Amino acid sequence: MMDFVNIFLSDSFWAASLRIATPLIFGVLGALLCERSGVLNLGIEGIFVVGAMTGWMAVWLGMGLWGGIVVAALSGALFGLFHGILTVIFGLSQHVSGLGITLFGTSAASFAYRTALPQVSSPPRIEPFRALDIPILSDLPFIGPVLFQQTAMTWLALFMVALVWWVMEKTALGVAIKAVGDNPDAVNAQGLSVIKLRMGSVIAGSALMALGGAFLTMSAFDAFFFGMVNGRGWICIALVIFASWQPGKALMGALLFGMFDALQVRLQTQAGAVIPGQIFLMAPYVLSIIALVIVARKADYPRALLTPWFKGQR
Amino acid sequence: MTNPLILSLRGMTKRFGSVVASDAIDLDLQRGEVLALLGENGAGKTTLMNMLFGQYTPDAGTVHVWDDTDHETVLPAGQPQAAIDARIGMVHQHFTLAENLSVLDNILLGAEPLFRLGRHTRDAREKLTRLMDDSGLIAPLDTRVGDLTVGERQRVEILKALYRDVRILVLDEPTAVLTPQEADTMFASMRAMVDRGLSVIFISHKLHEVQAFSDRIAVLRHGRKTGEMATKDADTGSIIRMMVGEDLEVPPRVAGVPKKPILELKDIHTLNAGGGQGLSGLNLTVHGGEIVGIAGISGNGQSAFAGLVSGLVQPQSGAISVNGKAMLKPSPKAMLDAGIGRIPEDRHHDGIVSAMSVAENLVIERLDAPDVQTRGFLRKSQIAENAQDLTQKYDVRGPGIEARSALLSGGNIQKLILARVLETDPDLILANQPTRGLDFKAASEVSRRLFEARDRGAGVILISEDLDEVLALADRILVMHNGHLVEADSRDRTVIGLMMAGGRAA
């Protein structure tokens, strides 16, 4: 029992929670932005893979880490544009288009990887983002390892939380995005473009999703593997409901999941002899489902989510 | 002397396929006047306004606007922004508000630049406070629109237009969703704004409000303007003739002959469900051959009462019996089988399955019947034949019996429901707001059918907010207030109106 309490007292547990949460923060913010404008983006899982592959490959080809970030965001934006054209302009089913984007993105990323590296058996490595080393701050007890020995991408994720919050709550653009996800007719009646607002949100949201993938190959690991995204995109779709489409709660949700995951690894080493490891691997997902059941029953969905809008049709 | 005109529509024509929705309509609006645009559903009112606002591109015709310096502009066709720039505003019948935003955000939406750091709302608040003082239209600026009542939402819509300094305001059926009190307040506010120089066009098919509120009336029928006159010179009969093209047939009231009791409710109590008022200690007996009118302002227990009679709401205590047989487990199916036909309040959502065909909707309450199915297989030809007969008999017009019922107009959906209900020869008919939103013709058709059913021996319960309708139809009038149902001992409007407001102890 004492061991259990000790887990929560160790700085490594909290540092790991934040590290595991980082790609989810990007993903859930991206999904939030899309859904706030009224578009569900189930392409997220595929866009994660695309971001992971393109970001890594850009660095491998010699572009530098921040160049890789830009490439990943742009490729995510491209897939967002594709999803937007299908669902916003043509008004096709958001579910079908999103799943299509996921299948296409996953396969296209793997195809590009194999085409570029036909003969390689062990994935080539890049020099990933390193842990920050800030004088004084990084050396603080507890706080230092948890916050100031993370990589720059974790800080980018936290900055994005603040940025998305600020846009949604403090700018006219945010008001318009929330309005277009609730009642597109209200936006159209005021002479604003429903199509542009939704396309913009989906493209920007997809770019954020791709950064979540890029974190995996450029910060958490240093190479691209098949299957490395492993359902993180889907978790974000659940987390955005858990977060009631609010950036602050999205951060909380991602951290909570990160904690579950960090906890299961540690419990596995402590109690792994008695309980099968699969139970622990399952635990974060089961706990997420339970948390969702409790929170999502009262979820206040954007009213126009999933509903396409066409000009001149009321 | 400035030009008295502020807006002139000239020769506006719009064709949809072979249908001429608007046929060379001319319409002038003078500065500071209230023009009522009157006409039945489908007369072309909305088409005309959609052309004014650039939502539709007219096949012919021009829109002329004069600004404050009397400078004439011809609005380019089919461009909504042109109407906004000419400071023409419209309050749609279906509100265009985002429910997840505050009142202030809804009003500012589109009026402030999208790409600007931060918000500058202080000036906006000041201007809105001034507008609210001037117009008497009060709305809580920081409340979410989703938490407002319908009347408050409409005020937000009007404030939204006023905030943009509109010179011409178009109101599309503004009172369709308001209580009589809210409608009076709304009109008083509009009058105040007109006195300050606003010009108003309001679309309606309610004669009394048109006569009470407008300066001039223009009447449309079948896409043509059939008349135009000053309101003070207008007489009701001639307006109706212009609207419907013939003398309106008002069904004469002949008292019903009550027969044996059909529905008996004894001391019913229900919970307050979904924010609605429940019933407390309700007693009612409805006989065959009579129309029982339930008057009252909606939200006083009507939903619970209608739900009870149709089997959707379970009583907490009390007894229900139909034709002398106690209903121990009331359910929609049990009530239907006991001979109760239902005309629901929300005909679009509860009355039909809009994605299914007209023919299917006509048999949807009796799928067990042998002429509808054998051994689980639908008898398509029988169903189609049935639909042919009924659509003819009840004059249900639309794109055909195989078309999705969503494509029918409100009046035709109601006729479809009437056909479905009346053809099963029910012992009791529950008609909940059966004519709300219908035009004269469709409404008088509904009344006629209800009289017919009564004379055949059925009992009818009529729930209506429209006191005129209750007085015209009901043999017996009860008033619902605060979950209580009280028999009105007079047919005097003042007495009943007082009871509706809870003026007498129940």
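1. Surface of chain B. Chain B exposes about 22500 Å², and carbon and sulfur atoms supply 52% of that area. Accessible areas come from the Shrake-Rupley method with a 1.4 Å probe; for residues, only the protein chains shown count as cover. Of the 506 residues of chain B, 51% count as buried (buried is under 20% relative accessible area, exposed over 50%, partly exposed in between, with a 1.4 Å probe and protein chains only).

2. Basis. The model is predicted: local features need pLDDT of at least 70, side-chain atom pairs count only at pLDDT 80 or more, and totals for chains, interfaces and linings use all residues. Residues are numbered from 1 along each chain as its sequence is written, chains are lettered from A and ligands numbered from 1 in the order in which they are written, and side-chain values use heavy atoms, with hydrogens and water left out.

3. Fold and dimensions of chain B. Chain B has 17 helices and 22 strands (DSSP runs numbered from the N terminus: helices are H or I with at least four residues, strands are E with at least two). Its C-alpha trace spans about 75 × 50 × 50 Å along the principal axes. Among contacts between residues at least 6 apart in sequence, 68% join residues at least 24 apart (contact means heavy atoms within 4.5 Å).

4. Charges of chain B. There are 55 positive and 66 negative charges, and their mean positions are 3 Å apart. Lys and Arg count as positive, Asp and Glu as negative; His and the chain ends are not counted. Each charge is placed at NZ of Lys, CZ of Arg, CG of Asp or CD of Glu.

5. Chain A overall. Chain A has 13 helices and 0 strands. Its C-alpha trace spans about 65 × 50 × 40 Å along the principal axes. With 314 residues, a compact globule would have a radius of gyration near 20 Å, and chain A agrees at 20 Å. Of these residues, 54% count as buried. For chain A, 78% of contacts between residues at least 6 apart join residues at least 24 apart.

6. Surface and charges of chain A. Chain A exposes about 13800 Å², with 71% supplied by carbon and sulfur atoms. The mean positions of its 17 positive and 13 negative charges are 10 Å apart.

7. Aromatic pairs. The structure holds 17 of them over all chains (rings of Phe, Tyr and Trp, the last by its six-membered ring, with centres within 6.5 Å; planes under 30 degrees apart are stacked, over 60 edge-to-face, the rest tilted). One is A:F13 with A:W14, edge-to-face at 5.0 Å centre to centre and 75° between the planes. A:F13 is buried at 0% relative accessible area; A:W14 is partly exposed at 27%. Another is A:Y113 with A:F224, tilted, at 5.1 Å and 55°. This pair links distant parts of the chain, 111 residues apart: A:Y113 is in helix 5 (residues 94-116), A:F224 in the loop between helix 10 (194-220) and helix 11 (232-242). Both A:Y113 and A:F224 are buried.

8. Backbone points to inspect. Most residues other than glycine have a negative phi. B:D425 has a positive phi of about 55°. B:D425 lies in the loop between helix 14 (410-422) and strand 19 (428-432), and is partly exposed at 45% relative accessibility. B:N482 also has a positive phi, near 55°. B:N482 lies in the loop between strand 21 (476-481) and strand 22 (484-487), partly exposed at 41%.

Technical notes: The radius of gyration is taken over C-alpha atoms; the globule rule is 2.2 Å times the number of residues to the power 0.38.
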